[in-house]
Amino acid sequence: MTLVYFCFNGNVKKLIKDEEFRWFFFFVLSAIIVVMVWILYLGFASDVENAFRKAAFQVVTLVSTCGFATDDYIPWGQSCCIVFCMCSQFFCIRMLTSLA
């Protein structure tokens, strides 16, 4: 919560220097790119913007475990489902390790 406070008060450098934020951002961005390329390859999205929007929403909603879904991602294949499972597991592991 303090990183959000510093970011909104104009000290974005603290957010960028934080190792946990960098790893989390890299993980989420990587998952979005993998899913985006995969659904473009399979033809479930008409263009890059649509694919990015679908992938970003599904990945972010699974990482945050809020449970929303705007698309049926089961037809996207097992590869996407594996990435989505990794996203939800990442959140659980992050919670467990931050409690230590």
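The following exercises, each with a worked solution, examine a predicted model.

In this predicted model, local features need pLDDT of at least 70 and side-chain atom pairs count only at pLDDT 80 or more, while totals for chains, interfaces and linings use all residues. Residues are numbered from 1 along each chain as its sequence is written, and side-chain values use heavy atoms, with hydrogens and water left out.

**Exercise 1. Determine how many helices and strands the chain has, and which element has the lowest mean pLDDT.**

Step 1. Helices (H or I, at least four residues) and strands (E, at least two) are DSSP runs, numbered from the N terminus. The chain has five helices and zero strands, and its pattern along the sequence is α-α-α-α-α.

Step 2. The confidence score pLDDT is the predictor's confidence in each residue, from 0 to 100. Its average over the chain is 80, and 86% of the residues score at least 70. Among the elements, α5 has the lowest mean (67), whereas α4 has the highest (89).

Step 3. Where pLDDT is low, the predicted coordinates should not be read in detail.

**Exercise 2. Classify the aromatic pairs Trp23 with Phe26 and Trp38 with Tyr41.**

Step 1. Rings of Phe, Tyr and Trp (its six-membered ring) pair if their centres lie within 6.5 Å; planes under 30 degrees apart count as stacked, over 60 as edge-to-face and the rest as tilted. The structure holds three aromatic pairs.

Step 2. The ring centres of Trp23 and Phe26 are 6.3 Å apart and the planes stand at 85 degrees, so this pair is edge-to-face. Both residues lie in helix α3 (residues 19-42), three residues apart, about one turn of the helix. Trp23 and Phe26 are both exposed.

Step 3. For Trp38 and Tyr41, the centres are 5.8 Å apart and the planes are at 35 degrees, so the pair is tilted. These two residues also lie in helix α3, three residues apart, about one turn of the helix. Trp38 counts as partly exposed because its relative accessibility is 29%, whereas Tyr41, at 65%, counts as exposed.

**Exercise 3. Locate the salt bridge and describe the exposure of Glu49 and Arg53.**

Step 1. A salt bridge is a side-chain nitrogen of Lys or Arg within 4 Å of a carboxyl oxygen of Asp or Glu. By this rule the count is one.

Step 2. The side chains that meet in this salt bridge are those of Glu49 and Arg53 (2.4 Å, N to O). Because they are four residues apart in helix α4, about one helical turn separates Glu49 and Arg53.

Step 3. Glu49 is partly exposed, with a relative accessible area of 48%, while Arg53 is exposed, at 53%.

Conventions: Buried < 20%, exposed > 50% of the residue type's maximum accessible area, 1.4 Å probe, protein only.
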